[in-house]
Amino acid sequence: MSASSTPFLDTTHLPIARLRAMPADLAQTQAWLADMAQLMAAQTPFALVYDPMPHERPGPEAHESRKTTILWLKQNREAFQTWCKGMVVTCQPDQSDRDFLQANQTPLSKAYGVPVLLAGN
């Protein structure tokens, strides 16, 4: 993947791939997964860094989006683990989401199969 930027993924500073926003619906989830597939197709190691994200209540398409992501992970886990060397999830500036992120750190690591670290902003 050449250095590029989409609404979800910024790869202009590889090997750091920055996730700028979480998909809000199924169409956005599919676009984000296409971005991830393109990133992995470049066959270059990267770290995925999540910008601070607002903790929002799931919308009506959340279940379908989650299901689509889980299926994608099942199909792409080996490639993801090969190229993604780890994930960094960044807390809100006021650390208001730190407990939530800590509680989800291990499940996220198990789901993606890579180390997940928390960072202050």
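This is a predicted model: local features need pLDDT of at least 70, side-chain atom pairs count only at pLDDT 80 or more; totals for chains, interfaces and linings use all residues.

Visitor: OK. Where is the kink in α3?
Guide: At Gln105, and it is about 40°.

Visitor: What span does α3 reach from its first C-alpha to its last?
Guide: 20 Å, for 15 residues. That is close to the 21 Å expected at 1.5 Å a residue.

Visitor: What follows α3?
Guide: Gly113. Its phi is positive, near 75°.

Visitor: Now α2. How far apart are its end C-alpha atoms?
Guide: Only 27 Å, although α2 has 22 residues. A straight helix would reach 32 Å at 1.5 Å a residue.

Visitor: Where does α2 bend?
Guide: At Asn76, by about 70°. Asn76 is also one of the buried residues of α2.

Visitor: Which others are buried there?
Guide: Ala62, Ser65, Thr69, Trp72, Leu73, Phe80 and Trp83.

Visitor: And what covers the buried residues of α2?
Guide: The cover includes α1, β3, β4 and α3.

Visitor: At what angle do α2 and α3 pack?
Guide: About 75°, with the axes 9 Å apart. That makes α2 roughly perpendicular to α3, because angles of 65 to 115 degrees count that way.

Visitor: Which residues meet?
Guide: From α2, Thr69, Leu73, Arg77, Phe80 and Gln81. From α3, Lys110, Ala111 and Tyr112. The contact divides into four nonpolar, two polar and two charged residues.

Visitor: Where is Gln43, and is it buried or exposed?
Guide: Gln43 is in the loop between α1 and β3. It counts as exposed because its relative accessible area is 53%, and the cut-off is over 50%.

Visitor: And Gln95, where is it?
Guide: In the loop between β4 and α3. Gln95 is partly exposed, at 31%. Ser96 lies in that loop too, and Ser96 is exposed at 58% relative accessibility.

Visitor: How far is Ser96 from Pro54 in space?
Guide: 10.0 Å, C-alpha to C-alpha. In sequence they are 42 residues apart.

Visitor: Last one. Which peptide bond is cis?
Guide: The one from Leu14 to Pro15, with omega near 20°. Pro15 sits in the loop between β1 and β2.

Terms used
Residues are numbered from 1 along each chain as its sequence is written. Side-chain values use heavy atoms; hydrogens and water are left out. Axes are lines fitted to C-alpha atoms, for helices over the stretch in contact, and angles run from 0 to 180 degrees between N-to-C directions. Helices (H or I, at least four residues) and strands (E, at least two) are DSSP runs, numbered from the N terminus. Angles under 35 degrees count as roughly parallel, over 145 as roughly antiparallel, 65 to 115 as roughly perpendicular and the rest as oblique. Contact means heavy atoms within 4.5 Å. Ala, Val, Leu, Ile, Met, Phe, Trp, Tyr, Cys and Pro count as nonpolar, Asp, Glu, Lys and Arg as charged, and the others, Gly among them, as polar. The expected span of a helix is 1.5 Å times one less than its number of residues. The bend at a residue is the angle between axes fitted to the seven residues ending there and the seven starting there. Buried means under 20% relative accessible area, exposed over 50%, partly exposed in between (1.4 Å probe, protein chains only).
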